[in-house]
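Work through these exercises with the sequence and the model open. Try each task before you read its solution.

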Amino acid sequence: MKDEKIVFIRFTINLIIIIMVAVALLVATDSQPVFRSKNTNALALKYDVYPGDINIEKLLSILDNKDCRITFFVSGLWADQNPDICKRIIQEGHEIGCLGYNGVSYGDMDVDETRTDIEKGYAAIFENSGVKPDLLCPPKGDYNDDVLKYASSLGLRVILWSIDTIERADERTVDVAQNILKNAENGDIVYVYSSRESINALSGIIDGIRAKDMNIMPINRLLQMKSKATEGNLKGVLHAL
């Protein structure tokens, strides 16, 4: 009888540990910024659309020619000024996220200004695209705890990046492509910078990534693939019971 109690206690303790692990695997850390995803054969490209952007239509044409879908983080001000292109992003199968309204660093705003900018940006994107964004990229990548918490309260997941195409002053288009292809890994979020060199390098970047047997997809799809992998891990943990 004593041995049976010991076995039962051990089983109960192990069960509690397994449940805690399972919960940890399932609970999304939406209040933390996402730089990349743990993935096996894919990465995502992101492009930030600030007011005054002059490269987006060329970029969209390249992506259409390559049958490639990415995530656009759009400022609300730009969306108000370019509703047709905003709709085109969605119509061509891309994902749209929020870049706030003015595209100004949140490091230069107080709490109330930051929250107003996020809300106004969200509303403008919804109005001009017909889509409610669920991703937020803080302008210039600047964020703090309040940005994370407030974004989470609005159902917005904060996205950053793990690699970018920002070039040095003396760098050529070919160098931009080679740098990305040398360093890009599965699960990366690649920030395609709005510059002539980056846009001109994009076709080569897409071809090179695919040649490495990696898929390119919007950020939410990339994160969903991670979730499916997590579910698989959870099933393995539960099977141990």
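**Exercise 1. Strand β2**

Are the faces of strand β2 (residues 71-74) covered or open, and which residues lie on each side?

*Solution.* Start with the ground rules. This is a predicted model: local features need pLDDT of at least 70, side-chain atom pairs count only at pLDDT 80 or more, and totals for chains, interfaces and linings use all residues. Residues are numbered from 1 along each chain as its sequence is written, and side-chain values use heavy atoms, with hydrogens and water left out.

Step 1: Strands (E, at least two residues) and helices (H or I, at least four) are DSSP runs, numbered from the N terminus. Buried means under 20% relative accessible area, exposed over 50%, and partly exposed in between (1.4 Å probe, protein chains only).

Step 2: sort the side chains. In a regular strand the side chains alternate between the two faces of the sheet.

Step 3: read off the residues. T71 and F73 lie on one side of β2, F72 and V74 on the other. All four are buried, and both faces are covered.

**Exercise 2. Strand β1**

Determine how many residues of β1 are buried, and list its other strand partners.

*Solution.* Step 1: count. Eight of the eight residues of β1 are buried.

Step 1: follow the bridges. β8 (residues 215-216) runs parallel to β1 and is joined to it by two bridges. L43 has I216 as its bridge partner there. β7 pairs with β1 in the parallel sense over three bridges. K46 stands opposite Y191 in β7.

**Exercise 3. The buried face of α2**

Which residues of α2 are buried, and what do they pack against?

*Solution.* Step 1: list them. I56, L59, L60, I62 and L63 are buried.

Step 1: look down the axis. The buried residues of α2 fall within an arc of 160°, so they line one face of the helix. The arc is that of the directions from the helix axis to the C-beta atoms.

Step 2: find the packing. These residues pack against β1, β2, α3 (76-81), α4 (83-91) and α8 (196-211).

Step 3: Just after α2, D67 takes a positive phi of about 50°.

**Exercise 4. Aromatic pairs**

How many aromatic pairs does the structure hold?

*Solution.* Rings of Phe, Tyr and Trp (its six-membered ring) pair if their centres lie within 6.5 Å; planes under 30 degrees apart count as stacked, over 60 as edge-to-face and the rest as tilted.

Step 1: count. There are three aromatic pairs.

Step 2: classify one of them. The ring centres of Y47 and F72 are 5.9 Å apart and the planes stand at 70°, so this pair is edge-to-face. Y47 in β1 and F72 in β2 are 25 residues apart, and the pair links distant parts of the chain.

Step 3: classify another. Y191 and Y193 have ring centres 6.1 Å apart and planes at 85°, so they too are edge-to-face. Y191 is buried at 8% relative accessible area, whereas Y193 is partly exposed at 32%. Ring pairs join W161, Y191 and Y193 into a cluster.

**Exercise 5. D188**

Locate D188, and identify the polar contacts of its side chain.

*Solution.* D188 sits in the loop between α7 (173-183) and β7 (189-191).

Step 1: D188 counts as buried, because its relative accessibility is 5%.

Step 2: trace the side chain. A polar contact is a pair of N or O atoms within 3.5 Å; within protein, one must be able to donate a hydrogen and the other to accept it, and residues adjacent in sequence count only if both atoms are side-chain atoms. The side chain of D188 makes such a contact with the side chain of S162 (2.7 Å). It also reaches the backbone nitrogen of E185 at 2.6 Å.

Key: Contact = heavy atoms within 4.5 Å. Pairing = 2+ DSSP bridges.
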